[in-house]
Amino acid sequence: MARAAVSGRLGARLRWQAATLVERREETASAQTLVFDVPGWAGHLAGQHVDVRLTAEDGYSTQRSYSLASAQDADRLELTVQRVPDGEVSPYLIEGLAVGDRIEIRGPVGGWFVWRPEQREPVLLVAGGSGLVPLMAMIRAREAEGSRAPFRLLYSLREPADRLYAPDLERGSAGLDVTYVYTRSAPQGATRPPGRLAPADLVQWGWPPDFEPTVYVCGPTGFVEAAAVQLVAQGHDPGRIRTERFGPSGG
Amino acid sequence: MPIISRGFHGRRPEAGHKLPPGQYETRDFPVLSAGPTPRVPREDWEFSVVTENGERRQWSWAELMALPRQTPTVDLHCVTKWSKFGTSWEGVSLDTLLADVESSAHYALVHSYGGYTTNIPLADLLDGQAWIAFRYGGEDLPPEHGGPARLLVPHLYLWKSAKWVRGIELREHDEQGFWESAGYHDYGDPWREQRYQGD
Ligand SMILES: Cc1cc2nc3c(=O)[nH]c(=O)nc-3n(C[C@H](O)[C@H](O)[C@H](O)COP(=O)(O)OP(=O)(O)OC[C@H]3O[C@@H](n4cnc5c(N)ncnc54)[C@H](O)[C@@H]3O)c2cc1C
């Protein structure tokens, strides 16, 4: 069960607030970053998420969780939504919501799956698909804070066209190593043949367990389970492996 | 007031389908309790909120009466299968009582006069979803329905709406209450038929 790290007056925390869409950026053909203005947003930690509530004209409403993609930035916050075909909420956020429209959000939520700038130890980020979102917030927070904690990102995705935040990751950052693990089709010239994340990938591109890294794994449930099991088998202390499950594996 | 999203339809139960699965409609107001009905005179009644850090706030009956009131009309769903539509209440929103409480807790354990307890995620008590109710159908709340005041959390099965409410303890970790430790569900969503542990 997620727990909030940010304490505060209950009148404000866990309260639904209006968030106005001010900008949208296409990340891939099926994912967009939505930038919201939330006056008085109290800030968040990298790794936390918000709950989003949509209400139909007849009062029917439903909620989903979305990780915060941005490092803390005053009144703006960014979510990156991957369209789930036949989904109830994600297609609406991507296609239905117009700049200037408002939705309701509450949060930030989650106090365990977070990276704090005071952390000095090496960090391994293991992302499956849109599971990159909260890990990108950690990368951005590291950069914003001028942290020199060594980061490695292992990013599993189907094909090059699915890469989120491609320009940001290409630009890179000193002390951040990025490795792509393609499952369906790798770009020309790639040395690793396409295939699911394997123990050898974690050995080759991760940190040895005796470096005592903190490991953050995020993605569809099946991906997270598989990666966490492999990491434990390789000798990583389960107490240093933090996971966030985004829901069904979706194949 | 929720923000309406134009063009959002969502997937919802069939139109007009107000009965959660497994429920039938009743027009009486059955009384089910775990024990004898506590009788708490208003002069002695008090309500407290205690945070995970031990900070305490307390309201006497007169102090409660001085707070802004609301008059929610809500449907009730009892785990024993009856549902009652359109019940009208008067009470103080938990949003009002909890607004200035400093806490990072995620759970609430509700305590009643008579020793009854029930657990509820804190988020389910906020945002216009819960009240300390003291009038029902235009009358003072009778003791058999939890008077002088009860918790009202209509979106969960009725055992969560603790009668004779006395206080709320905010907790970092969930702890089961009276029925929950006897096998009832920790959450109790009528629409998902969460009657017992494991549902
Ligand atoms: C803590 C947390 C953080 C999250 N952060 C993000 C985020 O940053 N970006 C993001 O895009 N999503 C994120 N999610 C997932 C998100 O909450 C929704 O589950 C997702 O957007 C699908 O919702 P939907 O209403 O469109 O689909 P639904 O109507 O819920 O589902 C439609 C179909 O898609 C399947 N499905 C549902 N969710 C997924 C999924 N995640 N992957 C594959 N198949 C699925 C369902 O089984 C169903 O068949 C997060 C989830 C959690 C719990």
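Let's start with charge on chain B. Chain B carries 20 positive and 28 negative side chains, and the centres of the two sets lie 6 Å apart. Here Lys and Arg count as positive, Asp and Glu as negative, and His and the chain ends are not counted. Each charge is placed at NZ of Lys, CZ of Arg, CG of Asp or CD of Glu.

Some ground rules. This is a predicted model, where local features need pLDDT of at least 70, side-chain atom pairs count only at pLDDT 80 or more, and totals for chains, interfaces and linings use all residues. Residues are numbered from 1 along each chain as its sequence is written, chains are lettered from A and ligands numbered from 1 in the order in which they are written, and side-chain values use heavy atoms, with hydrogens and water left out.

Staying with chain B: it has two helices and 12 strands. Those are DSSP runs, numbered from the N terminus: helices are H or I with at least four residues, strands are E with at least two. In sequence order, the pattern is β-β-β-α-β-β-α-β-β-β-β-β-β-β.

Buried means under 20% relative accessible area, exposed means over 50%, and partly exposed is in between, with a 1.4 Å probe and protein chains only. Now contacts, meaning heavy atoms within 4.5 Å. In chain B, 66% of contacts between residues at least 6 apart in sequence join residues at least 24 apart.

Two residues from chain B. B:Val40 sits in the loop between strand S1 (24–25) and strand S2 (46–50). Is B:Val40 buried or exposed? It counts as buried, because its relative accessibility is 15%. Beyond its neighbours within four places in sequence, B:Val40 touches B:Trp45, B:Tyr113 and B:Pro148. Its C-alpha atom is 9.4 Å from that of B:Ala149, 109 residues apart along the chain.

B:Gly128 is also in a loop, between strand S8 (117–121) and strand S9 (131–136). B:Gly128 is partly exposed, at 38% relative accessible area. Its C-alpha atom lies 9.6 Å from that of B:Met1, 127 residues away along the chain.

On to chain A. It has five helices and 12 strands. Its radius of gyration is 18 Å, close to the 18 Å that the globule rule gives for 251 residues, so chain A is as compact as a globular protein of that length. Its C-alpha atoms fill a box of roughly 50 × 40 × 30 Å along the principal axes. In chain A, 52% of the 251 residues count as buried. The mean positions of its 27 positive and 30 negative charges are 4 Å apart.

Last, A:Thr62, in strand S5 (residues 61–67) of chain A. It is buried, with a relative accessible area of 10%. Its side chain makes a polar contact with the side chain of A:Arg64, at 3.1 Å. A polar contact is a pair of N or O atoms within 3.5 Å; within protein, one must be able to donate a hydrogen and the other to accept it, and residues adjacent in sequence count only if both atoms are side-chain atoms. Which residues does A:Thr62 contact, leaving aside neighbours within four places in sequence? They are A:Val52, A:Arg53, A:Leu54, A:Glu88, A:Val89 and, from chain B, B:Phe8.

Methods:
The radius of gyration is taken over C-alpha atoms; the globule rule is 2.2 Å times the number of residues to the power 0.38.
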